[in-house]
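Subject: Structure for your review

Dear colleague,

Please find below the structure that I am handing over to you. My findings follow directly after it.

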Amino acid sequence: MIEYHDTEWGVPLHDEQKLFEFLVLEGMQAGLSWNTILNKRQNFRIAFHNFDPHRVARYTARDVKRLLNNPGIIRNRLKIEAAITNARLFLETQNEFGSFDAYIWRFVEGRPIKNVFKSLKEIPAKTPLSDAISKDLKQRGLKFVGSTIVYAHMQATGMVNDHTVDCFRYDEV
């Protein structure tokens, strides 16, 4: 968790494949701890072909079965099927906006929101903006994209800087 915090969390991310990875991982995390997901991250990368949305979008029932039998990942049928559906819709969104990056970052006008939280207790689980993004994603048909999941995605991909003001990463990102 420390390495993830110190090197990845909150860093503005614009790589399409990584944005898809975080979309899948945040959905997989629903109801679980982020630590659980991080501990299985490499297994997820292998199981989901390094989160190549083109490959995941072509997954079949055979792939669902393969994933459900993989003890290295979260074996929840709804979450696995959501990842596949979301890959297809991720690609549709790329086609519509030129990239998923252009789509998602337009919600923050291309710049991270820099919050000024002094303690972890101040950091919200969701915001009106994550509500709006969640609603838009759901209208596009994506699954496991509730407002709390979306806000976690925004934090992870640097759309919001939720490092506390006394954290050394606050000014760095």
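Contact, as the word is used in this message, means heavy atoms within 4.5 Å. Please bear in mind throughout that this is a predicted model.

In this sense, and leaving aside neighbours within four places in sequence, Thr148 is in contact with Ala125 and Lys126. Thr148 lies in helix α9. Is Thr148 buried, partly exposed or exposed? With a relative accessible area of 44%, Thr148 is partly exposed, because that class covers the values between under 20%, which is buried, and over 50%, which is exposed. Ser134 is 14 residues away from Thr148 along the chain, and the C-alpha atoms of the two are separated by 8.6 Å.

Overall architecture

The chain contains ten helices and two strands. Read from the N terminus, the order of elements is α-α-α-α-α-α-α-β-α-α-β-α. The radius of gyration is 16 Å, which agrees with the value near 16 Å for a compact globule of 173 residues. Taken along the principal axes, the C-alpha atoms fill a box of roughly 50 × 35 × 25 Å. Of the 173 residues, 50% are buried. Among contacts between residues at least 6 apart in sequence, 67% join residues at least 24 apart.

The nonpolar core

The largest nonpolar core has 47 residues, and those that touch the most other members are Met28, Phe44, Phe48, Ile80 and Leu137. Two or more residues of this core come from each of α2 (16-29), α3 (34-47), α4 (53-57), α5 (61-68), α6 (77-97), α7 (100-105), α8 (128-139) and α9 (147-156).

Which residues does Phe44 contact, leaving aside its neighbours within four places in sequence? They are Leu25, Met28, Ile37, Phe51, Ile73 and Ile74.

Helix α2

Helix α2 has 14 residues and reaches 20 Å from its first C-alpha to its last, close to the 20 Å expected at 1.5 Å a residue. At its start, a side-chain oxygen of Asp15 reaches to within 3.2 Å of the backbone nitrogen of Gln17. After the helix comes Gly31, which has a positive phi, near 85°.

The buried residues are Glu16, Leu19, Phe20, Glu21, Phe22, Leu23, Val24, Leu25, Glu26, Gly27, Met28 and Gln29. Their cover includes α1 (2-7), α3, α4, α6, α7 and α9.

Salt bridges

How many salt bridges does a search of the whole structure find? The search finds twelve. In general terms, side chains of opposite charge can pair when their charged atoms come close.

Asp63 and Arg66 meet through their side chains in a salt bridge, at 3.3 Å from N to O. The two residues are separated by about one helical turn, because they are three residues apart in helix α5. An α-helix has 3.6 residues a turn, so residues three or four places apart point the same way. Asp63 counts as buried at 18% relative accessibility, whereas Arg66, at 32%, counts as partly exposed.

Glu96 and Arg140 also meet in a salt bridge, at 2.8 Å from N to O. This pair links distant parts of the chain, 44 residues apart: Glu96 belongs to helix α6, and Arg140 to the loop between α8 and α9. Glu96 is exposed, with a relative accessible area of 52%, while Arg140 counts as partly exposed at 21% relative accessibility.

Lys114 forms a salt bridge with Asp171, and the closest N and O atoms of the pair are 3.4 Å apart. Here too distant parts of the chain are linked: Lys114 in strand β1 (residues 113-114) and Asp171 in helix α10 (residues 169-172) are 57 residues apart. The relative accessible area of Lys114 is 46%, so this residue is partly exposed. For Asp171 the value is 62%, and Asp171 is therefore exposed.

Finally, a network of salt bridges links Glu8, Lys18, Glu21, Arg41 and Arg45. One of its members, Glu21, is also among the buried residues of α2.

Yours sincerely

Note on methods: Residues numbered from 1 in each chain as written. Predicted model: local features only at pLDDT ≥ 70, side-chain atom pairs only at ≥ 80, totals over all residues. Heavy atoms only, no water. Core = buried A, V, L, I, M, F, W, Y, C linked by side-chain atoms within 4.5 Å. Buried < 20%, exposed > 50% of the residue type's maximum accessible area, 1.4 Å probe, protein only. Helix = DSSP H or I, 4+ residues; strand = E, 2+ residues; numbered from the N terminus. Expected span 1.5 Å × (residues − 1). Polar contact = N/O pair within 3.5 Å; in protein donor to acceptor, adjacent residues only side chain to side chain. Salt bridge = Lys/Arg side-chain N within 4 Å of Asp/Glu carboxyl O. Rg over C-alpha atoms; globule rule 2.2 N^0.38 Å.
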